[in-house]
Amino acid sequence: MDEERESGTEPAEADGEQTEETPLLQSNDPTPSPACRSLLTSLQRNGKGAKRRWPSLIALLVLCLTVVLIIIFVFLAPSTVMRYAHQAAVFHPTSVSIAGITRTGVLVRIHGDFTMDAYRVRRKAVRDIGRFFTAMARKAETGDGEVEILLPEYGNLLLGTAYVPGIKVDIRAGKQTPVDFEAELIPGEADGLRHIAEDWVDSRLGQLRVRGKALVPLRSGIIRLGRQMVEHDLILTGNDLPSMPSYDVENIHVGEMDRKGVSTNATLMIQNDYSVDMTLPPLALDVLVDNCHRNDPYIKLATVHTGELNIVPKQNVQLDITSDMHELPNVLTQDCPGSKQSPLDAILGQYMHGKDTRIYVRGSRSGNVHTPTWMSDILAEMTIPVPVPGKSFGRLIKDFTMADTHLSLPDPLRDTNPRLSATIRAIVELPGQFNLNVSVNNVKADADIFYKDQILGKLDLHKWQAANSTCITSSGNTSTIEVESRVHDAPIHITNESVFAGVMHELLLGEGVTMLIKANVDIKMRTGLGELTVRRIPAKGEVPIEPITPGNNGSLISALDPQVCDFQVLDTTPSSLTLRAVVNVTNPTDHSATIPYVDVQVFANKTLLGHATVRNAKMKPKGRDTVDVTVVYDPADSGGREFVSQYISGYNTTLTLQAHEGTIPSQPSLGNVLSKLPINITTPHLDRISHFLESATMHLLSSTAQFSLLSPLRREVIFITSINASASYHGDLVGIIETDLPFAIAPGGVATTPRLPVEWSPGGMGYDAVKRALGGKLRLSAFANVGVRIGHWRDRVWFQGHGIGAFIRL
């Protein structure tokens, strides 16, 4: 909607008096002129965008002034001719270009066609009178004038001043006059322009009222009409207001400078929807980013320089920019108050995760020697936000692997979580446009562990770990860096016990597992800008873990191959034994392990025999190590006696090891999970000894027998408190021994018993075989019930042997 107003000197019509100073024509009619409205409508149809509004407004003022005032003052038909002129005047701008940038302003060149279209006048009487007088006048002309462009809604802020040359047009109906003139536009106050820009940026500029005010000389033919004041209002709304143009970054290259610093070259293609032809001089612009808080001042990141910019109507604009950055501002890399994140972390985090971020562009105070001062001042007062679409780098970290892993079970005196030590290797693939020498110094991560798409727990790598990097390859598209870091005692927080149980089952009884680790990695690296931290880089990798039972027959006992090297009694009670065993075992995996403490229950044929405890055990990969095991033998019922009897008789016995709530005291829930995975192992032999009765010697004349017994203990004495035994040969009884006379078996090897009385079975085939073997050796079978005592512990066990070598003596 346009509002127009013409003002002159008020005539003294009230009293009818005329003076020499009274204007020839006057008008009290404040109604907007239809002609000027028509001219404005025509301008709006043919010119798109605010960049053409200022020249169009100037042309509008000049042409209205030429047509309206000359007709009024020459033909003495003020109101009627004025209405005709306002409604009939039409101006079609064909092109608007910036002819040049001067030291004081912009030189604008305007091309267009002016026509008086009588059919636009609604009332016939006005149309006829107007056509008559304009036909008589034929032409109208203005002299050089000055047009002020004001913003009434901003306190009549002076937006700029235009100096317009004289223009001559044909004002007859239907006659078209080509118009071609140049006007110099001198901008107004830079601070005022800043307020308008802020409202535009914040989307508060719903409409903009622009007022043109001019005092120009008028003439028609040889008649001079003096200098007249003309005002015209123009309201810009909706599409009339310019919008932020879209752009694409077609090329970017970041490289190191000869000295400290980074240089950047980029090419932007900017969409241009306007019919503007101009050439902009080189500019210097400051690039700003957000600070910690919204009210904090922006942080200057760099100053970019543009070359000379040629703008062609309705053709995309190519903008080449360059920038040299010597160091990053300290405030950009320092953590914000109350946060562990710096402004740079926030910017890079959003950008690298594909989220849109925002930078700000403002004219640099340092300017450019080729940029006029007035332009630098205006740009320095305007801060324009520029949205930057996020760019997801995909898998920036590739081939995330772990090697030389070492697993430590929880130490009940120190912590509650298992810990992992490993060498982490990762391949970092930088985009080719970043041609930088990067040296990675430290890494840390927030990592989740998955098994079969279900989360198992978290690997706590929140502490910075030392790292080193090596450049592997560098091509036009990518630059590949290998990063290696050794992680020490990183806690593993188990969050899903059922998944953990499945993992342990596959490790103990299955074919191994492949774990998936997803992490957000923080990297400290040294670049041409100094120390730089990049946070939350997504990474993932698979970590295969071999089963603990890769032996030939796939059994745990075969894989571990345990051998009891030493056996010692630590304590005794009437019903229990506390033993210490030194066991030599093999670690069949490529992973080392540390076991500060673990306790398991020991079962035999579903009878609880007691429990075994391992402390401070360390196992190296693919090697044999000795493990101290403390065993408390305290059977719940007679099943313990049966197990010991079978064991000493050489039977193949099986033990069941089962975790319980106290297996890892600091992790009772972990013990409960492991209790669901009982492990069956073949009972290991002592120093590979499969029997305890080495040999026997029978004396026929004294009817006694002596036995050579192999003691499993190297320090403690075993007492035999009673024997009730029988010997046979091929099923025929040879003799019986019954004695309650206790005797000791010395530790540390083979011990010979005293001579024990034998009650022969004469007349039997067994006894005859013994006599025939006099002086030789006979293979006998034996079965005995034996009373045993070790310290305070007492029990009765049975023994059965076959093929026992018995020497027969007189």
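**Group meeting: a walk through the predicted model**

At 42% relative accessibility, Asn-156 counts as partly exposed, where buried means under 20% relative accessible area, exposed over 50%, and partly exposed in between, with a 1.4 Å probe and protein chains only. Hello everyone, and let me start from that residue. Before I go on, a word on conventions: this is a predicted model, local features need pLDDT of at least 70, side-chain atom pairs count only at pLDDT 80 or more, and totals for chains, interfaces and linings use all residues. Residues are numbered from 1 along each chain as its sequence is written, and side-chain values use heavy atoms, with hydrogens and water left out.

Back to Asn-156, then. Asn-156 sits in the loop between strand 5 (145-151) and strand 6 (157-164); helices (H or I, at least four residues) and strands (E, at least two) are DSSP runs, numbered from the N terminus. Its phi is near 55 degrees, a positive value in a residue other than glycine. Asp-489 also has a positive phi, near 50 degrees. That residue is placed in strand 25, and at 32% relative accessibility Asp-489 is partly exposed.

Now, please look at strand 14 (284-289). Are its residues buried or exposed? Six of the six are buried, so strand 14 is largely enclosed by the rest of the structure. In general, side chains in a regular strand alternate between the two faces of the sheet. Here both faces are covered: Ala-284, Asp-286 and Leu-288 are buried on one side, and Leu-285, Val-287 and Val-289 are buried on the other.

What are the partners of strand 14? Strand 14 pairs with strand 15 in the antiparallel sense over six bridges, and two strands pair if DSSP finds at least two bridges between them. In that pairing, Leu-288 stands opposite Lys-300. Strand 14 also pairs with strand 18, again in the antiparallel sense, over four bridges, with Val-287 standing opposite Val-361.

Cys-292 forms a disulfide with Cys-336, the sulfur atoms being 2.0 Å apart; the rule asks for a pair of cysteine sulfur atoms within 2.5 Å. By this rule the count comes to one disulfide. The pair links distant parts of the chain, 44 residues apart: Cys-292 is in the loop between strand 14 and strand 15 (299-306), and Cys-336 is in the loop between helix 6 (330-333) and helix 7. With -90 degrees about the S-S bond, the link is left-handed. Cys-292 is partly exposed, with a relative accessible area of 25%, whereas Cys-336 is buried at 11%.

On to the empty space. Rolling a probe the size of a water molecule over the atoms shows where such space is left. On a 1 Å grid over the protein atoms alone, a cavity is a set of points where a 1.4 Å probe fits but cannot get out, a pocket is an open set with protein on both sides within 12 Å along at least five of seven lines, and lining residues have an atom within 4 Å of a point. Grid points are joined across faces, edges and corners, and a volume is the space filled by probe spheres set on the points.

The second largest pocket holds about 720 Å³. Its lining has 29 residues, and those nearest the centre are Asp-290, Arg-294, Tyr-298, Arg-358 and Tyr-360. Helix 5 (190-201), helix 7 (343-352), strand 18 (357-363) and strand 19 (383-388) are the elements that give two or more residues to this lining. Domain 1 (71-240) and domain 2 (247-388) each contribute at least three residues, with bounds from an automatic or database domain assignment.

Which cavities does the search turn up? Across the whole structure there are four of 30 Å³ or more. The second largest cavity has about 180 Å³ of space. It is lined by 16 residues, with Phe-400, Ile-424, Val-443, Ser-485 and Val-521 nearest its centre. Strand 25 gives the largest share of that lining, four residues.

One last stop, at strand 33 (residues 654-658). Strand 33 pairs with strand 30 (residues 592-604) in the antiparallel sense over three bridges, and with strand 34 (residues 679-682) in the antiparallel sense over four. Thr-656 is the bridge partner of Phe-603, and Asn-680 in strand 34 is a bridge partner of Thr-656.
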